[in-house]
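Please keep the structure in view while reading.

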Amino acid sequence: REISAIGHRVVQGAEFFTKSEIVTDAIIDKIEEIAPLAPVHNMAHVQGLRSAKAVFGEKVPNVVVFDTTFHQTMPKKAYMYGVPYEMYEKYSIRRYGAHGTSHRYVSMAAAQYLNDSDLKMVTCHLGNGSSISAVNAGKCVDTSMGLTPLAGVLMGTRCGDIDPSVVTYMEQKLGFHGQEMADYLNKKSGLLGISGVSSDMRDVTSAADAGNERAKLATEMLAYQIKKYVGSYAAAMGGLDCLVFTGGIGENDNRVRASVCENMGFLGISVDPAKNQQRTSDILDISGKGSRVKVLVVCTNEELMIARDTKALVEAM
């Protein structure tokens, strides 16, 4: 009885959902319908929604907050793929992104901290799943994850960006088909697949320090790929005012942050080594002396964003 509303995070809303919504049976059905775009997540969301309705009843409203809605401001040139246009028209194949709730929170928090809403910003959500977003004046203009959360930088068990021909070639060599290949790319690749040690960056780093060359390679690949996204998004926006690190790795791994920012002086990015060693539960400015770009560590709070959206929608009912 003390529960007056329930907020749910949903990874994939496709083009059908451009904002958070009060849950209806039709909305649950649509989330299930687009599950192939986020096969690891959306069916679990559907189960959670139906269970919440069954347990708490119709009088307790449920709200869905989609990780894709923040990315709906991307221009078409950023979200379209170079496949026949009919694939978009018939099957909605395009870039959707993920982690939007986190990118929305940290970009807002950074803008408030710097007292400037007109910033060109790159937000790096780094964890077991990682994504990078370009945010211009509070709006997402590009993001690294794609049709599904498999694209972008190397992740815990996901491969990130890959030549599509690699997939068909591996299918031939391994004899994999369909879901087998999807599981291989989603669950056995990334840091785990390269290092052979773990999907946890802490374990991979420890192994690298102990002399494991594959683990060292995995850490180098991750930092290198993030660095490339930062540079490309700065080019896409015509400049960069702020670089944000968040997520389990972004908030806690000072070595990844240092590696990403190394030799980035040409973009105006420098990090203070002493500040970069510090920890925070809120916002930490690790910018080096004279850095033209503010480098911030912002602890994400997706739960707060979900709670805010849920409260606003329920009060407006």
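## How helix 6 and helix 7 cross

In this predicted model, helix 6, which covers residues 164–174, packs against helix 7, which covers residues 179–187, at an angle of about 115°, and their axes lie 11 Å apart. Angles of 65 to 115 degrees count as roughly perpendicular, and helix 6 and helix 7 are therefore described as roughly perpendicular to each other. The crossing in which helix 6 passes helix 7 is right-handed.

On the side of helix 6, the contact is made by Val167, Met170, Glu171 and Leu174, while helix 7 contributes Met181, Tyr184 and Leu185. Sorted by class, the residues in this contact are 6 nonpolar and 1 charged, with no polar residues.

Strands of a sheet pair through backbone hydrogen bonds, and the pairing can be either parallel or antiparallel. Here, 6 strands form an open sheet in the order 6-5-4-7-9-8, and the pairing is mixed. Strand 6 (139–143) and strand 8 (283–285) are the edge strands, each of which pairs on one side only. From one strand to the next, the twist averages 25°.

Within this sheet, strand 4 (residues 120–125) and strand 5 (residues 131–136) run antiparallel and are joined by 6 bridges. As one example of such pairing, Cys124 has Ile132 in strand 5 as its bridge partner.

## A helix across the sheet

Helix 12, made of residues 254–261, lies across two strands, namely strand 7 (242–246) and strand 9 (294–298), and runs at about 155° to strand 7.

Notes:
Residues are numbered from 1 along each chain as its sequence is written. This is a predicted model: local features need pLDDT of at least 70, side-chain atom pairs count only at pLDDT 80 or more; totals for chains, interfaces and linings use all residues. Side-chain values use heavy atoms; hydrogens and water are left out. Two strands pair if DSSP finds at least two bridges between them. Helices (H or I, at least four residues) and strands (E, at least two) are DSSP runs, numbered from the N terminus. Axes are lines fitted to C-alpha atoms, for helices over the stretch in contact, and angles run from 0 to 180 degrees between N-to-C directions. Contact means heavy atoms within 4.5 Å. Angles under 35 degrees count as roughly parallel, over 145 as roughly antiparallel, 65 to 115 as roughly perpendicular and the rest as oblique. A crossing is left-handed if the near helix is turned anticlockwise from the far one by less than a right angle, and right-handed if clockwise. Ala, Val, Leu, Ile, Met, Phe, Trp, Tyr, Cys and Pro count as nonpolar, Asp, Glu, Lys and Arg as charged, and the others, Gly among them, as polar.
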